[in-house]
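I opened the notebook to record what I looked up, one topic at a time. The entries follow the order in which I checked things.

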Amino acid sequence: MIDEVPPAVPHIAAEFLIWLWYRTDGDTCLFDVDGYESVIVWLDDRMAFSHWADHRIAAIFKGESPAMSPESIAALSGGKRLVEIRIGMRVDDREYMATLKGPTLDVVGMRLPTILAEDDKQVIWDRMLLYDEFMSVLGGIFCKFCAIRADADAWHDEQMALRRWAHER
Amino acid sequence: MGLLSRAFTARRFVVTGELPSGFTTLYTERLSLQAFVEAPVGLQTNEEREGWVHLRNFCELSFTSEDDWFADPYAYFALRIDKKRVPRKIVRARTKVACDKWAEEHGVARVPATVKSEIRDSIENEILRRVQPSVQTVGCIWNVRTGDLIADTRVEARLDRFRKLFHRTFGMRAVPWSPLCWTDEQTNEAMLSTAPTMVQLDPKETA
């Protein structure tokens, strides 16, 4: 068991969500995560932004593909903080959907692949196995983000690329 | 309930502390001791009641064996919070009718404050006896081997109550999880020393 838990820092989660948006745009949604053959992540039908100064939601974009809309890029370019995104994830042949929210990346409206078991305990085991897989893959992607974010030079380059991407969109 | 439904919410926690030996028997007793107890029918109180119930159904209140809450390595149960609420508008309206009647019977224009208060209390008690409580729950699944725990709400007030009762029951704390639990100590130090960066474009770029 873990004895000490590091704090959940709002800007780290917000930057991770922006980075995930950038990395899942276009053809780059294929992730190489240790222990998994094929991981595809895409942004789905919901994004929410807040101001940096407070936690109030400033703009919500819903619909077919808000990640592609000029309004969402305008919110990002206007300096708003991405605090909520709905993502889809395909791990091998299993598909997950979840909204990631806030500094602790809470999952909301999480949909797991279908479970056929009916026995209570078997349902718990199956659901937790799938939930753990989703979180483990998300953790693998988060670690990739941290490797870039924690390295000043790598983050500078990534930021430049991100700004170019936002500008070109 | 939440965690077993098709779409669910999960706020993650880390349970810190050591698992005692023979924990299944011990925890069955402790869950049973802190289990939810239904208010007797007709009880006139708006006091909140809380306690543990089964994850599958908040009307199942007894923890007699580990089968009620444990599928190794997962403990699963829920906090149930009941509160009876008196509809203020109805109390106000019925108090006015009763006060008017009292004034007429006693031949006075105004009802004394103490009498009005007694009338209001008696109407509230009468309603409390009949009204059903509102029920809130916080379901959880806890991997007792790794310490990972998920709760099915993001409402802070409910989560605080959940964590307090969890501590009282198991003697261990459920600490909010952080994404930095995924990374190693060295990366965490570097991440925690970073300042926020924004993607805001320069005005000349957006022109």
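Which residues does F16(A) touch, not counting residues up to four places away in sequence? I looked it up in what is a predicted model. F16(A) touches L105(A), L138(A), I141(A), F142(A) and F145(A).

**Entry: cores.** I then looked at the largest nonpolar core, which has 73 residues. F16(A), W21(A), F134(A) and I141(A) touch the most other members of this core. Helix α3 of chain A, residues 120–149, gives the most to the core, with 14 residues. I also noted a second, separate core of 27 residues, and A35(B), F77(B), W142(B) and A151(B) are included in it.

**Entry: helix α2 of chain A.** This helix covers residues 70–77. I listed its buried residues as S72(A), I73(A), A75(A), L76(A) and S77(A). The buried residues of α2(A) pack against α1 (10–23), β2 (39–50), β3 (57–62) and α4 (152–168) of chain A. Just after α2(A), I found G79(A) with a positive phi of about 90 degrees.

**Entry: where the chains meet.** How many residues does each chain bring to the contact? I noted 56 residues from chain B and 52 residues from chain A. Between them the two chains bury about 4900 Å², and 64% of it is on carbon and sulfur atoms. I found 16 residue pairs in polar contact between chain B and chain A. On the side of chain B that touches chain A, the elements that give two or more residues are β1 (7–16), β3 (70–71), β4 (74–83), β7 (173–176), α5 and α6 of chain B. β1(B) gives the largest share of that side, 9 residues. By class, I recorded 32 nonpolar, 14 polar and 10 charged residues on that side of chain B.

I counted 4 salt bridges across the interface. In a salt bridge between D120(A) and R56(B), the side chains meet at 2.5 Å, N to O.

**Entry: T194(B).** I found T194(B) in the loop between α5 (185–192) and α6 (203–206) of chain B. Is T194(B) buried or exposed? T194(B) counts as buried because its relative accessible area is 14%, and buried means under 20%. Not counting residues up to four places away in sequence, T194(B) touches H11(A) and R149(A). With H11(A) I also noted a polar contact, side chain to side chain, at 3.1 Å.

**Entry: salt bridges.** I wrote down a general point before going on: side chains of opposite charge can pair when their charged atoms come close. Over all chains, the structure holds 25 salt bridges.

R12(B) forms one with D148(B), and their closest N and O atoms are 3.5 Å apart. R12(B) is in strand β1 and D148(B) in strand β6 (residues 148–151) of chain B, so I noted a pair 136 residues apart that links distant parts of the chain. R12(B) is buried at 11% relative accessibility, whereas D148(B) is partly exposed at 26%.

R80(B) and D82(B) meet in a salt bridge at 2.9 Å, N to O. R80(B) is buried at 3% relative accessibility, and D82(B) is buried at 4%.

In chain A, D92(A) forms a salt bridge with R94(A), with the closest N and O atoms 3.5 Å apart. D92(A) is partly exposed at 32%, and R94(A) is partly exposed at 24%.

Note on methods
Residues are numbered from 1 along each chain as its sequence is written. Chains are lettered from A and ligands numbered from 1 in the order in which they are written. This is a predicted model: local features need pLDDT of at least 70, side-chain atom pairs count only at pLDDT 80 or more; totals for chains, interfaces and linings use all residues. Side-chain values use heavy atoms; hydrogens and water are left out. Buried means under 20% relative accessible area, exposed over 50%, partly exposed in between (1.4 Å probe, protein chains only). Helices (H or I, at least four residues) and strands (E, at least two) are DSSP runs, numbered from the N terminus. Contact means heavy atoms within 4.5 Å. A polar contact is a pair of N or O atoms within 3.5 Å; within protein, one must be able to donate a hydrogen and the other to accept it, and residues adjacent in sequence count only if both atoms are side-chain atoms. A nonpolar core is a set of buried Ala, Val, Leu, Ile, Met, Phe, Trp, Tyr and Cys residues joined through side-chain atoms within 4.5 Å. Buried area is the accessible area (1.4 Å probe) that two parts lose on being put together, summed over both. Ala, Val, Leu, Ile, Met, Phe, Trp, Tyr, Cys and Pro count as nonpolar, Asp, Glu, Lys and Arg as charged, and the others, Gly among them, as polar.
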